[in-house]
Amino acid sequence: MTNEVKNYIQLHFIVLIWGLTAILGLLINISAVAVVFYRTLFATIILLFLLYFWKLSFKVGFKEFLKITGVGLIIGLHWILFFAAARVSTASVCLVGIATCSFWTSLIEPLMSSRKVKVYELALGVMVVIGLYIIFSVEFQYIEGLIMAILAAMLASVFTVLNGKLTHRHNHYVITFYEMMGAFLGSILLIPLYLYYFDTEIINFIPFQWDWFYLIILAGICTVLAFSMSIKVQKVISAFVVNLTVNLEPIYGIILAFLIFGEEEKMSFGFYVGTAIILLSVLTYPMINRIMKRRALQSDLIR
């Protein structure tokens with residue numbers, strides 16, 4: 001098995017783990033901002049012990065520290081929107097909104113890396129928009145949650161592109177440590193804004209018995225393990241391909257949500273049509289990308 005295949009298998013394993021996050025967010029009986037608060041606090045503490053045990057250097061330089069923790073702030077906001085979206089809608093709706101990552105990345109990555117926008121990436125992005133339009137039209141009662149999830153997806157594309165640059169300069173566990181620290185501080189700063197927007201929700205910061213168990217899984221497996229692995233694979237896989245693969249998260253997540261929550265996660269036929277269109281863009285991209293690369297290579301040979 002080649003290293004490239006191993007990296008893709010790891011990436012799909014990461015996406016499977018992330019498919020659990022919206023479900024865990026619904027199982028935990030505290031508000032979305034509190035979930036992020038504990039998730040990032042526990043992840044920071046776990047990483048602190050791991051880095052100390054492995055004797056890895058914490059030194060990154062002050063400018064790099066500001067950059068990495070700044071990315072962490074974006075991650076914190078992304079997670080708050082993500083969990084809030086699941087609370088005001090369903091896990092399935094939330095996961096479909098997150099599937100727009102590749103659309104946002106097709107726009108954001110060229111701007112941040114000074115490469116040309118690829119027409120076929122935008123075309124696939126339009127497919128995503130069509131899928132979302134269908135979902136909006138048949139599941140309008142969940143519009144608030146879907147908009148939150150789409151905004152969370154946009155933020156995910158931003159920090160994925162930024163991590164693609166950071167991972168070539170620092171150890172992936174060190175990056176994750178400082179990003180979780182930044183996300184933790186961000187969750188504290190965003191508490192007043194969260195209270196203002198969700199003024200009808202009582203912000204409960206004291207987890208119940210099973211909440212502690214779910215939070216540890218969320219912090220240890222879904223964050224420290226999966227997030228660190230995702231940063232590592234970005235050394236060899238582009239941000240667009242990473243986010244395109246993350247679009248498979250709804251498939252894993254919706255299946256898991258239906259198995260756990262049953263009829264609560266059952267949606268209308270139109271919802272699944274829109275979801276299918278969005279996911280079709282995921283399956284289409286590798287084939288189109290391969291064809292375009294082959295044509296570019298043939299063009300270079302003719303020259």
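**View 1. Helices α1 and α11 and the nonpolar surface patch.** In this predicted model, helix α1 (3–18) and helix α11 (209–233) each supply at least two residues of a nonpolar patch. The patch lies on the surface and is formed by Phe13, Leu16, Ile221 and Leu225, which together have about 310 Å² of accessible area.

**View 2. Isoleucine 221 within helix α11.** Isoleucine 221, one of the residues that form the nonpolar patch, has its place in helix α11. Its relative accessibility is 40%, and isoleucine 221 therefore counts as partly exposed, since that class lies between the buried limit of under 20% and the exposed limit of over 50%.

**View 3. The length and bend of helix α6.** Helix α6 takes in residues 101–113, and at 1.5 Å a residue these 13 residues should span 18 Å, which agrees with the 17 Å that separates the C-alpha atoms at its ends. Along its course α6 bends by about 30 degrees at leucine 107, and proline 110 follows within four residues.

View 4. A disulfide is a covalent bond between the sulfur atoms of two cysteines. The structure holds zero disulfides.

Definitions and conventions: Residues numbered from 1 in each chain as written. Predicted model: local features only at pLDDT ≥ 70, side-chain atom pairs only at ≥ 80, totals over all residues. Heavy atoms only, no water. Expected span 1.5 Å × (residues − 1). Bend = angle between axes of the 7 residues up to and from the residue. Disulfide = S-S within 2.5 Å. Patch = residues over 30% accessible without salt bridge, like charges linked within 9 Å, V, L, I, M, F, W, Y side chains within 5 Å. Areas by Shrake-Rupley, 256 points an atom, 1.4 Å probe, with all protein chains shown as cover. Salt bridge = Lys/Arg side-chain N within 4 Å of Asp/Glu carboxyl O. Buried < 20%, exposed > 50% of the residue type's maximum accessible area, 1.4 Å probe, protein only.
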